Amino acid sequence: MDMHPQKLRGRRWAAPLVAAALAAAGLLAPGASAHAGTSAATERSGEDFSLVGISWPAATGTLGGVAQVRTRAAGSGSWSQWRELEVAPLQVEEGAAARKRRTTEPLWTGPSTAVQARVLHADGTVAELPAKARLELVSPGAAPKPTTRSPYVAPVPRTLATTGVPQPAVRSRASWGADESLRADPPEYGTSAKAVFVHHTVDSNSYSCDDAPAIIRSIYRYHVLTNGWNDIGYNFLVDKCGRIYEGRWGGIAKPVTGAHTLGFNANTSSVAVIGNYSTASASEKAVAAISRISGWKLGLSGVKSTSKVSLVAGVSNGTYDKGETAYVYRLSAHRNVYATACPGDKLYARMSTLRTYAADSAAPYFSTGPWWWARKGTVQNDYVPVQLYWNAKDETGVRYTAATSPREEYFSPSTTSWNTGVKPGVSTNWTMKAVDWVNHATYRSQAHTGLILQETAAARTGSWSGKSSSSYLGGGSLTSSTAGSTLSWTFEGRSVAWVASQASGSGQVEIYLDGVKKATVDLRSSTVKYRQALWAARWGGEPSTHKLTIKVVGTAGRPTITTDGITVVR
């Protein structure tokens, strides 16, 4: 439908294609070079904008070639590469009159001061734009004012969703600065969201995620002021950082009718990823966000993304005639019901994965751990080296795991251990979190105490002498060069590590646990090292009493060994 005259704010007009007008409009002049060079377009400057598109009378038909633009950056003054503008579907609001103008999809350019435009045939020759074509230059308008209010839409009752996918955090229209005065009519509603369609906005992928609100404001203005729609077409948008935004007005839990999938807008929803994913891959954060919002939205209707549904075309769209039935997955791509490349080949290739993630109704679980025990490493008077170990599983895959307390650290789904440390003599409760692709989270904790038992706590046999230095644990150590000399520590715990000093002249020791020889450890090192946990062992079950014994080997030419004690995790 045509726009109401008062809604023409923000639009830049391109006059009919005569030579003088083209020079003013920045479009290709008749008689210009037949090849794709810089001279094939004239410059239009003096206007600030951040998004560009082209519209032309629908009666003219197609452009007959590929529309391309390049823009001059406001900051650097440099020109961008030529970029294609994809022709948009001749989309109308449900029940509205046929639109009189065709449009390209809008392209986010960032702050710009000039534009050049051209249309190219496949052979490189230049084609004129249709008469009365318009360059649509859009400024995003003012950013929302700072506020203490939450940027997120309020949670809806969990009882509304029956599939178990938790509601994700959705940034409200106010958070991205929607100008609600642009909406002339109230939203329309269906009966339920039977399916969700995935789109991409065909924009630049080089945007900063901080630019996402401005990009959405610009798309909103373009959809209303250029396409003539009542509101932004998409129900939800996602940026490459995985942040989810409320799109069309009407309530995120309600079956709001959008303008996103011609013929199938009623009783469906949509999520559009900001960017162009024809050749670039969507970020894992964006994939996770699509899964979360789609799984939750379908859950409100009590259905899962992996099931299929019959949808009846409300209007003919070139692929389905009005009244014809499309049998599709409940989480489908735009191209599944319309002749378009949307959402791009790379994102389309992830649709099966998206459906699997979005259907996940069970939380992840820890099949092992988290456990933690003494490990090798450098010991300090206030630091006992320990290793955390865990194994998290989920029916569709773990997205990440994390330690949340007493310190925070994030891990990839394939990571199952972490070398860290604890303060000795203090009970430390390590809490781990496992998160799946729709943000189900499981927490598990394990509390132990790390201890340092110094050399003075050991029973001795043979010949030993004391040494004092701030380099040793507690300022002291024991040293021996007599073969057969032993030190024995009796302790209660789950794991133990033996601590010693190393040097080029250091010798070897034999290590026994509960009377059974476990290892021969050579202390020789090209550099001097102090407080080194060089051997460690662990066992399952509750803390139990054990005895660790070291015996001096008396290595020829370098018999001396020096030890600080042991570390224990109880």
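Select β9 and α3: each supplies at least two residues of the lining of the largest cavity. The model in your viewer is predicted.

**Stop 1: the largest cavity**

Now select P89, E105, W229, Y234 and H260. Of the 20 residues that line the largest cavity, these are the closest to its centre. The space inside is about 160 Å³. What kinds of residue make up the lining? It divides into 9 nonpolar, 9 polar and 2 charged residues. A search of the whole structure gives 5 cavities of 30 Å³ or more.

**Stop 2: the second largest cavity**

Select N235, F236, E246, R248, G251, I252, K254, V256, S269 and K297. They line the second largest cavity. This one holds about 50 Å³ of space. Its lining has 3 nonpolar, 3 polar and 4 charged residues.

**Stop 3: the largest nonpolar core**

Next, select V271 and L347. In the largest nonpolar core, which has 53 residues, these two touch the most other members. Which elements give two or more residues to this core? Colour β9 (195-200), α3 (212-226), β10 (236-238), β11 (244-246), β12 (268-273), α4 (284-299), β15 (331-333) and α6 (351-358). The most comes from α3, with 9 residues.

Stay on L347 and show its contacts. Leaving aside residues up to four places away in sequence, L347 touches V198, H199, V273, Y277, A282, I290 and L354.

**Stop 4: the disulfide**

Select C209 and C241. Their sulfur atoms are 2.0 Å apart, and the two residues form a disulfide. The count for the model is 1 disulfide. Look along the S-S bond: the angle about it is 95°, and the link is right-handed. What does the pair tie together? C209 sits in the loop between β9 and α3, and C241 in the loop between β10 and β11, so the link joins parts that are 32 residues apart in sequence.

Is C209 buried or exposed? C209 has 8% relative accessibility, so it counts as buried. C241 has 37%, so it counts as partly exposed.

**Stop 5: two cis peptide bonds**

Select C342 and P343. A cis peptide bond joins them, with omega about 10°. P343 is in the loop between β15 and α5 (345-348). C342 is buried, because its relative accessible area is 6%, under the 20% cut-off.

Move to S405 and P406. Here too the peptide bond is cis, with omega about 5°. Look for P406 in the loop between β19 (398-405) and β20 (409-411).

**Stop 6: positive phi**

Go back to the loop between β9 and α3 and select V202. V202 is not a glycine, although its phi is positive, at about 60°. Its relative accessible area is 10%, so V202 is buried.

Where is it? N439 is in the loop between β22 (427-436) and β23 (441-454). Its phi is near 75°, a positive value in a residue other than glycine. N439 is partly exposed, because its relative accessible area is 36%.

Notes: Residues are numbered from 1 along each chain as its sequence is written. This is a predicted model: local features need pLDDT of at least 70, side-chain atom pairs count only at pLDDT 80 or more; totals for chains, interfaces and linings use all residues. Side-chain values use heavy atoms; hydrogens and water are left out. A nonpolar core is a set of buried Ala, Val, Leu, Ile, Met, Phe, Trp, Tyr and Cys residues joined through side-chain atoms within 4.5 Å. Buried means under 20% relative accessible area, exposed over 50%, partly exposed in between (1.4 Å probe, protein chains only). Helices (H or I, at least four residues) and strands (E, at least two) are DSSP runs, numbered from the N terminus. Contact means heavy atoms within 4.5 Å. A disulfide is a pair of cysteine sulfur atoms within 2.5 Å. On a 1 Å grid over the protein atoms alone, a cavity is a set of points where a 1.4 Å probe fits but cannot get out, and a pocket is an open set with protein on both sides within 12 Å along at least five of seven lines; lining residues have an atom within 4 Å of a point. Grid points are joined across faces, edges and corners, and a volume is the space filled by probe spheres set on the points. Ala, Val, Leu, Ile, Met, Phe, Trp, Tyr, Cys and Pro count as nonpolar, Asp, Glu, Lys and Arg as charged, and the others, Gly among them, as polar.
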